[in-house]
Protein chains: 2
Amino acid sequence: MFQYKEIQRTPLEKLGKLGLIKYLTQCISVTHHTTVKGIGDDAAVMRFANKQVVVSTDMLLEGIHFNLAYTPLIHLGYKAITINLSDIYAMNATPNQIIVSVAVSNRFPVEALKTFYEGMMRACKNYNVDLVGGDTSSSNTGLVISVTAIGQADEKDIVYRKGAQVNDLLVVSGDLGGAYLGLQVLERENEVFKVNPNMQPDLVGYEYLIERQLKPEARKDIPELLKELGIKPSAMIDISNGLASEILHLCDQSQLGCRLFEEKIPLDPQVLTTAEMFRINPIIAALNGGEDYELLFTVPLAYHEQIKGHRQLSLIGHMTTKEKGAQLVSQSDSLIPLTAQDWDTFLKKNPTS
Amino acid sequence: MFQYKEIQRTPLEKLGKLGLIKYLTQCISVTHHTTVKGIGDDAAVMRFANKQVVVSTDMLLEGIHFNLAYTPLIHLGYKAITINLSDIYAMNATPNQIIVSVAVSNRFPVEALKTFYEGMMRACKNYNVDLVGGDTSSSNTGLVISVTAIGQADEKDIVYRKGAQVNDLLVVSGDLGGAYLGLQVLERENEVFKVNPNMQPDLVGYEYLIERQLKPEARKDIPELLKELGIKPSAMIDISNGLASEILHLCDQSQLGCRLFEEKIPLDPQVLTTAEMFRINPIIAALNGGEDYELLFTVPLAYHEQIKGHRQLSLIGHMTTKEKGAQLVSQSDSLIPLTAQDWDTFLKKNPTS
């Protein structure tokens, strides 16, 4: 569906492995003061003085996590970085470095990989992180990407999933369900395209959803905002698997229950209209859709006024004792136990063409 | 060929993703004093005080880097860890933590993954590192493993590839070519097995080579030994792609040439006899075979006597000015320019069945 298929095609064999790595990494320079040594040795070297070091990793596989029929490689590169940075922000830490491993089959021309790296570098620039190392190898099948993000924070600032207290407010940034509905739109247009390759994809009116799916941002601004407001969350997690699953993680690790109010879940107007068109309950998209990469956190009740007033933050519920369970309070005031999606979705997250 | 195929088979779906992660990680505890938080949050957290932090990563793909027809999963788990630790030792640093991402197709039963994790945990125990995080997802094809190793060292102790000086001695630990020949033996037996599945593999007399291929160790002892001897290498690298390729890295990054003496390259007797049987030049196996995970380093000439006397170390050559090039001095005293293997091998490293 997208234009990267039309670019020049230099086979990988022409460059060789070392040539390929040189070509892909020639524009990469390290600028962060915590980076001592980037690409080019057995390992990257960093200095963090007395900070604590925070490390997270994600693996993305073609056909499972992305479909190249409708995912431009420049966005995929960008997304591979931002979804990892999201985990570092969810610790209330600052990401500084990224390490990337890529496995490619020789159906990828050099130019396609270059585009993918450009997307990664754009994210690195926007979030002020250095790409400091990685591994490149071949794959018999599709593209495999593994990204490790390294960040740091003062010990006193780190926020875990486990710190929530009874009566803490449950807060989420931005809005939810968009990435999942963006995926539905892209899947639909891809089906149309497969039947008639001359058909142009009809993406008008879905721009926000598609951007949420293809080029998500990490909520760098939220920890900064909370710092400005003088708020340290008691627990925090990023929303990669859907609101329900993440709330259950906070409850589980904090040994608490919660009340989540259906009517408070933030939904963009495009989510509402598109969900209606697809006959999907937008609340289900928010609860189980995943890939929104918003931050979910708890704060003491005392911060109610400050949270309430901020347009980037939604107060969606509060924590209870464990015995009360993790419950969704529906618009009709009935209690519905929250459940996380599991293996089914895990095994077919992004259906492939 | 191996027994892990006969174990109990519980399908992955039965446990679900969260259940699987719980099952696989239930026996994992963190013990290292630098580990603050292991598995179970958005990121792992570590404290290294004023040490520098060293991070390295490797990706292993089924059909490219390993063939499950003759690779027991317990050894694969062990190897996935040790080859990463090898990179940390090559920086003269100490590994403390490991982060592992695994993607599996549902043809793997839960028990197979458990065995794989047991192999990893055995390596973690032997090398005193904590498994502190990772990612688990599904794969449409084979098993994909990505390991990131995290270590630390005092700034003054870290050894890069670039520090070699003219006349420095070129030294290698252990012996070379074994892993490559082990692979040849396993490939041959696998071919026999495919023709006649009742045939038992004939591995007698190749034990050392097969262990080198299937269950390599990282040379933790070498940095320790060098410290005892009061020697800090001027440059160091681990041998993952063959001696020739690694020497060229040291030359390139140190802006030097070298003389490598063919007769000095350490070869185990099993390498010699097996190479003869396969009609492979054992020197080529050492130069281009790869996967030996020995350490290659340079030291000032002054350490000649100390190095010479140690049975774990072989003095194989010396560094020269860049103009003299990187040359192999053959047994007949002729000079042969060193060249690294490249894309061909890269695209078919471990041929699959």
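Q: Hi! How many residues of strand β6 in chain A are buried?
A: Strand β6, residues 144–153 of chain A, is mostly covered, with ten of its ten residues buried. Buried means under 20% relative accessible area, exposed over 50% and partly exposed in between (1.4 Å probe, protein chains only). Strands (E, at least two) and helices (H or I, at least four residues) are DSSP runs, numbered from the N terminus.

Q: Where do these numbers come from?
A: This is a predicted model: local features need pLDDT of at least 70, side-chain atom pairs count only at pLDDT 80 or more, and totals for chains, interfaces and linings use all residues. Residues are numbered from 1 along each chain as its sequence is written, chains are lettered from A and ligands numbered from 1 in the order in which they are written, and side-chain values use heavy atoms, leaving out hydrogens and water.

Q: New topic: is Pro223(A) buried or exposed?
A: Pro223(A) is buried, with a relative accessible area of 12%. Pro223(A) lies in helix α6 (residues 221–228) of chain A.

Q: What does Pro223(A) touch?
A: Not counting residues up to four places away in sequence, Pro223(A) touches Tyr89(A), Asn92(A) and Leu295(A); contact means heavy atoms within 4.5 Å.
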